[in-house]
Amino acid sequence: PNTTVAAIIHYQNKFLLVEEYQDNSVVFNQPAGHLEKNESILSALKREVFEETGLALSPDYLSGIYYFYKPEINIYFLRFCFVIELNEFMTGIPQDKEIIANHWLTLEQIKIKAKQLRSHLVLDCINDYLAGNKIPLTYLKTNL
């Protein structure tokens with residue numbers, strides 16, 4: 001499967017989502033992307049967060065691992081979703097030209113945009129985070 005990483009970035013009941021283009025449509029997603037060759041899962045997450053938000057952040061823990069099939073393109077994805085809980089409000093400038101903007105949204109605002117979410121995994125990941133799922137980062141092993 002294609003391996004992807006995503007970050008739930010949370011501060012005071014709001015989540016940081018990126019607004020981006022996908023197939024000539026505007027969609028909303030967590031900062032996320034694909035693992036690159038010779039890159040650890042944690043390094044990929046830090047890189048993607050920086051590219052899409054301009055923020056240099058490290059995850060606190062993993063909230064879920066998702067295996068997802070997208071039949072319209074016949075591709076399987078393995079998504080690692082991390083959590084970054086902020087102690088202070090932060091804004092950044094996206095470094096990736098495919099990112100239109102970053103938005104701090106409440107859960108209700110995200111639900112209103114359900115049809116504009118890049119995939120159902122955006123809400124699935126948030127719901128698992130809100131349910132209290134916490135997987136320590138020490139469970140991730142690499143030889144890179």
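This is a predicted model: local features need pLDDT of at least 70, side-chain atom pairs count only at pLDDT 80 or more; totals for chains, interfaces and linings use all residues.
**Entry 1: Glu20**

I looked up Glu20 and got a relative accessibility of 6%, so Glu20 counts as buried. Buried means under 20% relative accessible area, exposed means over 50%, and partly exposed is in between (1.4 Å probe, protein chains only). Residues are numbered from 1 along each chain as its sequence is written, and side-chain values use heavy atoms, with hydrogens and water left out.

Which residue forms a salt bridge with Glu20? I found Arg118, with the closest N and O atoms 3.1 Å apart. A salt bridge here is a side-chain nitrogen of Lys or Arg within 4 Å of a carboxyl oxygen of Asp or Glu. Glu20 sits in strand E2 (residues 14-22) and Arg118 in the loop between helix H2 (107-112) and helix H3 (121-130), so this pair ties together parts that are 98 residues apart in sequence. Helices (H or I, at least four residues) and strands (E, at least two) are DSSP runs, numbered from the N terminus. Arg118 has 34% relative accessibility, so I put it down as partly exposed.

How many salt bridges does the whole structure have? My search turned up six. The general idea I jotted down is that side chains of opposite charge can pair when their charged atoms come close.

I checked Glu48 next, and its salt bridge with Arg47 has its closest N and O atoms 2.9 Å apart. Buried or exposed, what is Glu48? Glu48 is buried, because its relative accessibility is 7%. Arg47 is buried too, with a relative accessible area of 17%. Both of them belong to a network of salt bridges that links Glu36, Glu39, Arg47, Glu48 and Glu51.

Then I went to Lys111, which meets Glu108 in a salt bridge at 3.9 Å, N to O. Both lie in helix H2, three residues apart, and that is about one turn of the helix. I got 39% relative accessibility for Lys111, so Lys111 is partly exposed.

**Entry 2: Ala32**

I found Ala32 in strand E4 (residues 32-34). Its relative accessibility is 13%, so Ala32 is another buried one. Which residues does Ala32 touch, leaving aside its neighbours within four places in sequence? My list reads Val5, Ala6, Glu48 and Glu52. Contact means heavy atoms within 4.5 Å.

**Entry 3: His10**

His10 is in strand E1 (residues 2-11). At 14% relative accessibility, I count His10 as buried. Its side chain reaches the backbone nitrogen of Asn13 at 3.4 Å. Setting aside the neighbours within four places in sequence, I listed Phe15, Ile84, Glu85, Leu86, Trp104 and Tyr129 as the contacts of His10.

**Entry 4: rings**

The structure holds six aromatic pairs. Rings of Phe, Tyr and Trp (its six-membered ring) pair if their centres lie within 6.5 Å; planes under 30 degrees apart count as stacked, over 60 as edge-to-face and the rest as tilted.

For Phe15 and Tyr129 I got centres 6.0 Å apart and planes at 90 degrees, so the pair is edge-to-face. This pair links distant parts of the chain, with Phe15 in strand E2 and Tyr129 in helix H3, 114 residues apart. Both are buried. I also noted a cluster in which ring pairs link Tyr11, Phe89 and Trp104.

**Entry 5: the whole chain**

Last, I stepped back. I counted three helices and seven strands in the protein chain. From the N terminus on, the elements run β-β-β-β-α-β-β-β-α-α. Buried residues make up 44% of the 144 residues. Among contacts between residues at least 6 apart in sequence, 70% join residues at least 24 apart. The C-alpha atoms fill a box of roughly 40 × 40 × 30 Å, taken along the principal axes.

Notes:
A polar contact is a pair of N or O atoms within 3.5 Å; within protein, one must be able to donate a hydrogen and the other to accept it, and residues adjacent in sequence count only if both atoms are side-chain atoms.
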